[in-house]
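This report describes selected features of one protein model. Please consult the sequence and the structure shown here while reading.

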Amino acid sequence: MNVDKKEIDNFDIYAHEWWNKRGPYKLIHNLTPLRVEYIQNNINIKGLNLLDVGCGGGLLAEELTKRGAKVTGLDASEKTIGIAKQHAKENNLDINYVCSTLESYIEKDKKKYDGIICFELIEHVPDQKKLILDISKVAKKKSKLFMSTINRNIISFAFAKVIAEYVLKIVPQGTHQYEKFIKPSELARLVELAEFKVEDVSGVKLNPIDYTFALSSMTKINYFMTSTKK
């Protein structure tokens with residue numbers, strides 16, 4: 001199974017903190033508006049069936065639902081999905097949350113989607129190539145694939161790992177493993193092997209004063225990628 005139990009256990013520790021805007025997922029809260037903006041810059045989501053792979057506590061799924069998308073959220077953490085379901089219920093949002101890995105979900109459901117979102121997940125799975133190939137199985141022809149992850153170089157190691165986790169402590173320690181970071185060129189090759197065409201790669205920059213995010217031409221640390229299924 002394409003899941004790292006240590007990764008799941010690490011996220012389970014903080015599952016109850018997903019909707020705490022000042023907690024360990026503060027940066028994800030701050031990043032969510034930019035994620036929504038990036039997706040909407042590339043596709044009109046209203047009425048579309050979207051699959052959010054590695055949806056976490058539902059921060060992005062809820063925002064996309066509010067804008068008219070029909071969202072299915074997958075996450076392998078039972079605690080995390082429980083939090084996501086409860087928060088959606090409290091806010092009267094109709095989101096289909098499923099506790100499952102993508103490969104297990106495919107075995108049970110043959111539905112294909114207009115768009116697939118896989119943000120900050122590929123650096124947490126054992127087999128990155130398999131993840132992309134599984135995503136291709138649930139993608140309709142001409143559907144969009146939105147991904148985000150962390151580049152692999154000395155700069156990303158210093159900022160995304162050492163400074164973020166151990167100096168500023170704005171990310172829980174142990175969140176990232178440097179060897180799983182992936183360069184844009186490597187990710188592009190994987191998505192192309194899975195019959196997607198890369199259309200955009202955009203960097204993400206962090207304002208160190210207020211910890212807000214913006215798009216950037218610099219992809220040395222975090223970056224987005226948009227592809228279309230051939």
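## A buried serine

Ser 148 has a relative accessible area of 3% and therefore counts as buried; buried means under 20% relative accessible area, exposed over 50%, and partly exposed in between, with a 1.4 Å probe and protein chains only. The model is a predicted one, in which local features need pLDDT of at least 70, side-chain atom pairs count only at pLDDT 80 or more, and totals for chains, interfaces and linings use all residues. Residues are numbered from 1 along each chain as its sequence is written, and side-chain values use heavy atoms, with hydrogens and water left out.

Ser 148 belongs to strand E5, residues 139-150 (helices, H or I with at least four residues, and strands, E with at least two, are DSSP runs numbered from the N terminus). Its C-alpha atom is separated by 9.4 Å from that of Val 201, which is 53 residues apart from Ser 148 along the chain.

## Salt bridges

Side chains of opposite charge can pair when their charged atoms come close. The whole structure contains eight salt bridges, each defined as a side-chain nitrogen of Lys or Arg within 4 Å of a carboxyl oxygen of Asp or Glu.

One of them joins Lys 140 and Asp 114 at 2.9 Å, N to O. This pair links distant parts of the chain, with Lys 140 in strand E5 and Asp 114 in strand E4 (residues 113-119), 26 residues apart. Lys 140 is partly exposed at 34% relative accessible area, whereas Asp 114, at 18%, is buried.

Another salt bridge connects Arg 152 with Glu 186 at 2.7 Å, N to O. Here, too, distant parts of the chain are linked: Arg 152 lies in the loop between E5 and H7, and Glu 186 in helix H8 (residues 184-193), 34 residues apart. Salt bridges that share partners also join Glu 103, Lys 130, Asp 134 and Lys 137 into one network.

## Residues around a pocket

Which residues line the second largest pocket? They are Trp 19, Lys 21, His 29, Thr 32, Pro 33, Val 36, Leu 59, Glu 63 and Arg 67. Helix H2 (26-42) and helix H3 (59-66) each supply at least two residues of this lining, and the largest share, four residues, comes from H2.

Two of the lining residues, Glu 63 and Arg 67, meet in a salt bridge, with 2.9 Å from N to O. Glu 63 is partly exposed at 22% relative accessible area, and Arg 67 is likewise partly exposed, at 36%.

Note on methods. On a 1 Å grid over the protein atoms alone, a cavity is a set of points where a 1.4 Å probe fits but cannot get out, and a pocket is an open set with protein on both sides within 12 Å along at least five of seven lines; lining residues have an atom within 4 Å of a point.
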